[in-house]
There are 2 protein chains.
Amino acid sequence: MKLTGTLIYLLPLSAILTLTACGPSASRGETQETEMKTKTAIEVIHERSSIRSYTDEPVTREQLEILVRAGMAAPSATNKQPWQFVVVDDKETLHALGADLPTSRMVQGAPAAIIVCGDLELAADGWLQQYWIQDCSAVSQNILLAITDLGLGGVWTSVYPAENRMEIVSGILGLPEHIVPLNIIPVGHPAAEATPMEKWDPAKVHWNQW
Amino acid sequence: MKLTGTLIYLLPLSAILTLTACGPSASRGETQETEMKTKTAIEVIHERSSIRSYTDEPVTREQLEILVRAGMAAPSATNKQPWQFVVVDDKETLHALGADLPTSRMVQGAPAAIIVCGDLELAADGWLQQYWIQDCSAVSQNILLAITDLGLGGVWTSVYPAENRMEIVSGILGLPEHIVPLNIIPVGHPAAEATPMEKWDPAKVHWNQW
C-alpha cells in the first residue's frame with residue numbers, strides 16, 4: 001500500500017477527508033483532487049450558531065419537510081410525541097409575526113419559519129403534561145441541527161412561557177386552545193458566515209459527585 | 001497510491017469509510033469507485049433511538065467529555081448557559097442511582113451516566129429563570145445525538161419535575177439547592193441493534209395556518 005505524495009487528513013470529530021485520487025496524471029505529478037466532505041453530527045452540533053439574517057433565496061417546501069421530519073424524530077416522555085408544527089412560508093404571515101414580536105423581529109426577513117408547538121391533548125395527563133416543554137425543546141434542537149446540516153441558518157426565538165407572545169402567535173396562526181407555541185424558528189440562507197460561540201467550560205463538569 | 005482491493009474501515013464517530021482508491025488499473029480506464037460514508041447529522045437524528053441495555057465494555061472519559069462538550073454547544077435563552085453536568089462512571093454511584101429510581105433502573109447496567117442539571121444561579125431572574133428547562137433539554141438532545149454519532153447508546157430518563165426523583169438524585173450526588181437535575185442519561189455500548197421508531201406524521205404539519 002503506497003500513499004506517496006498523498007495527504008489523507010483524518011480528523012476524528014471532524015472527519016474531514018481530503019482524498020487525492022491518483023491516475024495517470026498523478027504519475028505525471030498533476031494531482032487530481034477529489035474532495036469530499038461530509039460533516040459528522042458532532043461537527044454540526046459544534047458548527048450550529050444562531051443565524052439572524054438571511055438572503056432573499058427561498059427555502060423549499062422539501063427542505064422544510066426535511067426539517068420537520070428531523071424534529072419529529074426526537075424522543076418524548078412516555079412516547080407521547082405531544083407536538084404540532086406550523087410551517088410558514090407566506091410573506092404576509094412572516095411579516096405579521098416579526099412585526100408583532102420584538103424578540104422574533106428577524107422573522108420578517110426570513111423566507112420561512114417553523115413554529116414548534118406543544119399539543120396538550122396529546123400530552124400525558126396530570127403533572128406529566130408539562131413534559132411537552134422538554135419534548136418540544138428536543139424537537140427544536142433537532143430542527144436547528146438539521147437546518148445547519150442543510151447549510152441553512154436559523155435561530156430559536158422564544159414564545160412560551162411569555163403569555164403575551166403566546167397570544168400574538170396563537171392569534172396570527174389561528175391556534176386552538178390546546179396548542180401552545182414554544183418558539184418560532186426562522187429559516188433561511190445565511191446572509192453572512194457565522195462563527196459558533198465557544199461555550200466549553202470544564203468547571204461545569206463534575207465527576208461522580210458535585 | 002495503491003489501495004486496490006483494500007478496504008479501510010475507519011470507525012471514528014461511527015464514520016464508516018470505504019475507500020477504494022486508484023492504482024494502475026485506473027489508467028486502464030477501469031473506473032474505480034471512491035465511496036465514502038460518513039453519517040450526516042440528519043441521518044444520526046433519524047438513527048437515534050432509546051438504548052436501554054449495554055455490554056460490559058467501558059466508555060472512556062475522553063468519550064464522556066466529547067458528549068458533555070456537545071451538550072454545552074446548545075443554545076440558551078439570552079445565552080445564560082444555565083447548565084451543569086455530573087458525569088458518573090463509578091459503579092457504586094451508578095448502582096445507587098438505578099436502584100433508587102425505578103424509571104432509571106437501566107443505569108445500574110450502564111458503564112457511565114450523565115446527569116444534566118439546571119443551575120438556577122446561572123439562569124436569568126424572574127420568569128425567565130424557567131428557561132433552564134428548555135435550554136437543558138436542548139443540551140440533552142445534543143448529548144443523545146453525540147452518543148449515537150459515537151456508536152454508543154443512551155436514553156433520556158427523566159428526573160425533573162418529579163420531586164421525589166429530584167431529591168434522590170440530589171442526595172446521591174450531593175447537589176446543592178440551586179442545582180436541579182433534569183435527567184439521567186445512561187451511556188454504554190448497545191447490547192443489541194436498535195430499530196429507530198418511525199414517528200413521522202404529516203397530519204402534524206400545518207402550512208401557514210392551523
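**Exercise 1. How much area is buried between chain B and chain A, and what share do carbon and sulfur atoms give?**

Step 1: The area buried between the two chains is about 7,700 Å². Buried area is the accessible area (1.4 Å probe) that two parts lose on being put together, summed over both.

Step 2: Carbon and sulfur atoms give 66% of that area.

Before going on: this is a predicted model, where local features need pLDDT of at least 70 and side-chain atom pairs count only at pLDDT 80 or more, while totals for chains, interfaces and linings use all residues. Residues are numbered from 1 along each chain as its sequence is written, chains are lettered from A and ligands numbered from 1 in the order in which they are written, and side-chain values use heavy atoms, with hydrogens and water left out.

**Exercise 2. Work out which parts of chain B touch chain A.**

Step 1: Start with contact (heavy atoms within 4.5 Å). You'll find 87 residues of chain B in contact with 87 residues of chain A.

Step 2: Sort the chain B side by kind: 53 residues are nonpolar, 21 polar and 13 charged. Here Ala, Val, Leu, Ile, Met, Phe, Trp, Tyr, Cys and Pro count as nonpolar, Asp, Glu, Lys and Arg as charged, and the others, Gly among them, as polar.

Step 3: Look for polar contacts, meaning N or O atoms within 3.5 Å; within protein, one must be able to donate a hydrogen and the other to accept it, and residues adjacent in sequence count only if both atoms are side-chain atoms. The rule finds 38 such residue pairs across the interface, both residues at pLDDT 80 or more.

Step 4: Now the elements, which are DSSP runs numbered from the N terminus: helices (H or I, at least four residues) and strands (E, at least two). Helix H5 (131–149) of chain B is among those that supply at least two residues. H5(B) gives the largest share, 11 residues.

**Exercise 3. Which peptide bond of chain A is cis?**

Step 1: Go to Tyr160(A) and Pro161(A): the bond joining them is cis, with omega near 5°.
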